[in-house]
Every structure is written in C-alpha cells, then in structure tokens.
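Q: Before we start, could you show me the sequence and the structure? I would like to know what the terms rest on.
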Amino acid sequence: MARTAQANAGESDDALMACVAARDADALRLLADRHAEIAWRIAYRMLNDAAEAEDVAQEAMLRLWQFADRWQAGGPGVAAWLTRVATNACLDRIRRRRFVGEDAIPECADDGPLADAMIEEDEVRSAVAACIEALPERQRAAIVLTYYEERQNRMAAEILAMQLKAFESMLFRARAALRGCVESKGISA
C-alpha cells in the first residue's frame, strides 16, 4: 500500500526502494528529488546537450522503477546505481551517434564566435567541454566520473567494469589528451 510523501521523506534509500518495489510513486518521486540530478550531470558532461541529459536522467529513473523488485538493500546505494546506469546510457548514445551518417545529424546550434562580453572563464569552460567531448567515449566517462562526479578511481573503475590499473592507465591517457587539446586551443592548463 502506498504511503504518503511525508511519511516517506525521512526514510533511507533502501526503505524507499522497498516502497518503489511495491509501486509507490511517491517514493520514486522522493528518490528522484534526491538523486536524479546525478544522472543529469553525468549525461550533460558526457553528451554536452541539456535535452539529451534530461532524457538520460529520465531513462535512469524509469529503469529504477522497472527494476525496483531486484533491489538489494545494503549495497552501494541509489546514487551509485544511477551513476552506472546514466554512464552506460551515455556510452550507448555516443556509440549510436557513430553509426548515424553525418547527413542524418541535425544542424548544430550556431558555433559563431563568442560575444565580446563573454568572460575568460566561460571561454575556458567552453574549450574544456569541447575537448572532453572530443575524447574517446570511455576516456570521456573516466574524466567525468573522476573530476566532475568526484568518484574515487576504484569506484569509477567499477562503474566502467574495468580493473583498477587499466582504469588508471586510461585516465592518464585521457588527461594527457585533454591537456593537449586545451593547450592547442591557446589556453594554458
């Protein structure tokens, strides 16, 4: 039986997941309020598109609803689960982009020069975002998880289903590529 949102508000994620498994939409809303932003941030950093990031976040929350009956309490938690689902959804979308011909890609927003009033911080942020987007998909995921989501290497390696040493090696290469790209844009690292 579904409980009210007020009754659920103080409950742990595991308790809320038990309610979600019982199809309590209010419990799902509370989990979304607590954690959906994590999925959105990861998707935005990896895809560089706010609308697509919103789709990924919604997809992650839908999967949480669909697979709630399989939830195992005491595990890494909802935030970690959503991080993994969002990362994998982004990797899938990036892979699909590669198979779509360039003729099928809609025109991008105007990439004209920045307005004179744009401050240097925005220029640096734009250059870094473009360089991150240019990285190979798994290197991009490693950078986003490590630096934007502040995941420890071990956790990021688990999310990407990699051995720790392999992850650290890939992260090293990703940082070098990112540094080179940013410097090629005339911005000192």
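A: Start with one term: buried means under 20% relative accessible area, exposed over 50%, and partly exposed in between (1.4 Å probe, protein chains only). Buried residues make up 37% of the 189 residues in the chain. This is a predicted model, where local features need pLDDT of at least 70, side-chain atom pairs count only at pLDDT 80 or more, and totals for chains, interfaces and linings use all residues. Residues are numbered from 1 along each chain as its sequence is written, and side-chain values use heavy atoms, leaving out hydrogens and water.

Q: Why is aspartate 24 called buried?
A: Its relative accessible area is 2%, and the cut-off is under 20%, so aspartate 24 counts as buried.

Q: Where is aspartate 24 found?
A: Aspartate 24 sits in the loop between helix H2 (13–21) and helix H3 (25–47). Helices here are DSSP runs (H or I, at least four residues), numbered from the N terminus.

Q: What makes the pair of aspartate 24 and aspartate 26 a polar contact?
A: A polar contact is a pair of N or O atoms within 3.5 Å; within protein, one must be able to donate a hydrogen and the other to accept it, and residues adjacent in sequence count only if both atoms are side-chain atoms. A polar side-chain atom of aspartate 24 lies 2.9 Å from the backbone nitrogen of aspartate 26.

Q: Which residues of H4 are buried?
A: Glu52, Ala53, Val56, Ala57, Ala60, Met61 and Leu64 are buried in H4.

How values were computed: Helix = DSSP H or I, 4+ residues; strand = E, 2+ residues; numbered from the N terminus.
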